[in-house]
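Please walk me through this structure, one part at a time.

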Amino acid sequence: MESLDADRASLMIALPKGRLVDQTLQLFAAAGLPLPAADNGRKLILASAVGDIRYVMSKPADVPTYVEYGAADLGICGLDTLRESRRHVYEPLLLPFGYCRLCLAAPVDRPDTPLRYASQPRVATKYPNLTADFFRARGVNAEIIALNGSVELGPLVGLADLIVDLVETGSTLQANGLVETRTIMQIQAVLIANRAAYHLKRTAVENVIGRLRTHLAPG
Amino acid sequence: MTTRSSAGQVPTGVADYFWGEAYARRRLEATLLGAFRQWGYGDVVTPAFEYADTLSARGNRELQSELCRFLDRDGSMLALRADMTIPVARLVGTRLHDAPTPQRFCYSGSVFRDVEPRAGQQREFWQAGVELLGSAAPEADAEVLALTAHALHAVGIEHFRLVLGQMQYFDGLLQALQLTPEAQVRLTQAIDRNSEPELDAFLRETPLPRRQQRALAELPRLGGADIDAILHRAERLALNKTMQHAIINLRAICDVLAACGMLERVTLDLSEIHNLGYYTGITFEVLAPGVGFRIASGGRYDNLIGTFGAPLPAVGAALGLERVLLAWRLGATAPPPHPLAPDLVVATGNHPAAFEFAERARRAGLVVVLDLEQRSDAALCAYAGAVGAHAALDWGVAPPTIFDLTGATPVADALTAQSAPVLLASLLESKECSQVLAGNEVRS
């Protein structure tokens, strides 16, 4: 049992490179959690300056994968990434940043008819699973075109009739002659936990969750 | 358009195992079955495929959607077994219901789920496990838990935790809440994700009496290793007989586990509801450090056998062989040795005495390979060295010559009636030495 107790002490946390990382680090600092030691930006696994937490910097879409396999005990990602990945993890805490929404958008000049009138719309998206779920739930047989970026170009170049993408302010849509027609889901950052680590390293995991929760609690 | 033939490839989610890995599986299987039999569990072998109706009886939607189905010649729907519990329940319910109870069965074999391969989950995977049928006593649940732990010890896994839940607690809660089907799905999802935000939102949007609200809000916190305290809190939150019975049952099981010295391995989690859908009492999973998913799981299924015949309470456990191997490898210091490395290569020269000697060596416990190519001297030593043998014996020359291959260069010596037993003894000794060095000693 000694080694089980030893395991409780050290935690690996997967952080998403990119849009969520600065706010995640600010939140961790404010909640009094040890931060990754400064580095030259190339190392992918960072030890905390104090305490026994290590951080792995990964592509946002990989965070749920790391956590489901237990390569990381905890992770931070957006709800969009998590639901699209269909990974089976615990989701103990929503975090107050990374707010945006997953939307269906159409060209401005396209009449906004009910979706069920469209026989087989072509939809460009970075979220093929969530998009397929959305249309399937409405009985529409959409043709999903999975892209890796610049989805809003789809209708402009005649690749797609509609797009499903993240919208923060709507300015990108507007600039490309698109308009939001449906909100598919509200997005924010979420703390996820490996199901086994949640039980095997309960003390350490609850310590992190507890500190974040206390810091986030209103008042 | 050219179509590429898939002949020679394997579909996703299935795999070949060979050499050391295949041996490690077989050995693991044998050790587990040996442990189960020592506790009085008899072997059972059921078909790899059965009627789909049988296999989907009482399973939840997840299990039903994951069955690998195909058509029988008469058009009836068949499916590959997705677990071993349902076939054993079918066998006992239809044919063995009048045998003295409790009945104890153990099995090992591959099961099939038609899923996208994911963490720890392929389409074909191996399970070894036990079913204890015909007893509703908490002692039966405790026996299956203790045997699971014993089997893991037997294969050399020292560090693991048993996470114990009770389906009746959540079922009783759902009965008390009387939710619409949609609300029930939403609540179950929030609990399964252990998502406090989703649960909070549910509580905000669903008007419930205060006591029910509190029972629901506290559910995610009914987990941990402090068993007495958790059971005490859970009991105070119970809303009906079903929930109370779940706690009484868990307490009785934990008392037995304490008596077998196992309680320190147990964590409670009354919010753990992820399973195949046929469990009616305790559920459990075994977690090991470094493996992100459960390596074994099980529970009580009192309504399953009655689907096929006379009702009979039952409890069982299944260990995932791939997952146990993974946990074992993470804890092991040395990789499993290749078992087929022979101890001795014999070039017989087709002399009867050579075949006799080889047989004697095999009876003594050595792995002996015959050279089929009439090699001799340097060629024989090179071949024997390449397959990892400790010695080569050349009977094609007179007198027969033994080559010791354990040093940097082969050392030749004549084999005589006096030196033969010495040779066998020293080969046996070096074999045992190398097994101990590889951490390969048989545990029990």
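What follows goes from a helix to some strands and then to the contact between chains. Keep in mind that this is a predicted model.

Start in chain B with helix α1, residues 19–38. Helix α1(B) has 20 residues. From its first C-alpha to its last it reaches 29 Å, close to the 28 Å expected at 1.5 Å a residue. Five names matter here: Ala24(B), Leu28(B), Leu32(B), Ala35(B) and Phe36(B) are buried in α1(B). They cover an arc of only 100° around the axis, which puts them on the same side of α1(B). The general rule is simple: an α-helix has 3.6 residues a turn, so residues three or four places apart point the same way.

What covers the buried residues of α1(B)? The cover includes two strands of chain B, β5 (103–112) and β6 (124–133). It also includes α5 (138–154), β12 (314–320) and α12 (321–331) of chain B. After the helix comes Gly40(B), and its phi is positive, near 90°.

Now move along chain B to strand β13, residues 344–347. Leu344(B) and Val346(B) point one way from this strand, while Val345(B) and Ala347(B) point the other way. All of these are buried. β13(B) pairs with strand β14 (residues 368–370) of chain B in the parallel sense, over 3 bridges. In that pairing, Val346(B) has Leu370(B) as its bridge partner.

Turn next to chain A and strand β8, residues 162–167. Strand β5 (residues 90–107) of chain A runs antiparallel to β8(A), and 5 bridges join them. Strand β6 (residues 122–125) of chain A pairs with β8(A) in the parallel sense, over 3 bridges. Ile163(A) takes part in both pairings: Ile163(A) is the bridge partner of Ala105(A) and of Ala124(A).

Last comes the contact between the chains. How many residues of chain B are in contact with chain A? There are 20, and they meet 17 residues of chain A. On the chain B side, the elements that give two or more residues are β7 (161–166), α8 (196–205) and β9 (266–269). By class, this side has 7 nonpolar, 7 polar and 6 charged residues.

Methods: Residues are numbered from 1 along each chain as its sequence is written. Chains are lettered from A and ligands numbered from 1 in the order in which they are written. This is a predicted model: local features need pLDDT of at least 70, side-chain atom pairs count only at pLDDT 80 or more; totals for chains, interfaces and linings use all residues. Helices (H or I, at least four residues) and strands (E, at least two) are DSSP runs, numbered from the N terminus. The expected span of a helix is 1.5 Å times one less than its number of residues. A residue is buried if 20 or more other C-beta atoms lie within 10 Å of its own, exposed if 12 or fewer, and partly exposed in between; C-beta atoms are placed from the backbone. The arc is that of the directions from the helix axis to the C-beta atoms. Two residues are in contact if their C-beta atoms, placed from the backbone, lie within 7 Å. Two strands pair if DSSP finds at least two bridges between them. Ala, Val, Leu, Ile, Met, Phe, Trp, Tyr, Cys and Pro count as nonpolar, Asp, Glu, Lys and Arg as charged, and the others, Gly among them, as polar.
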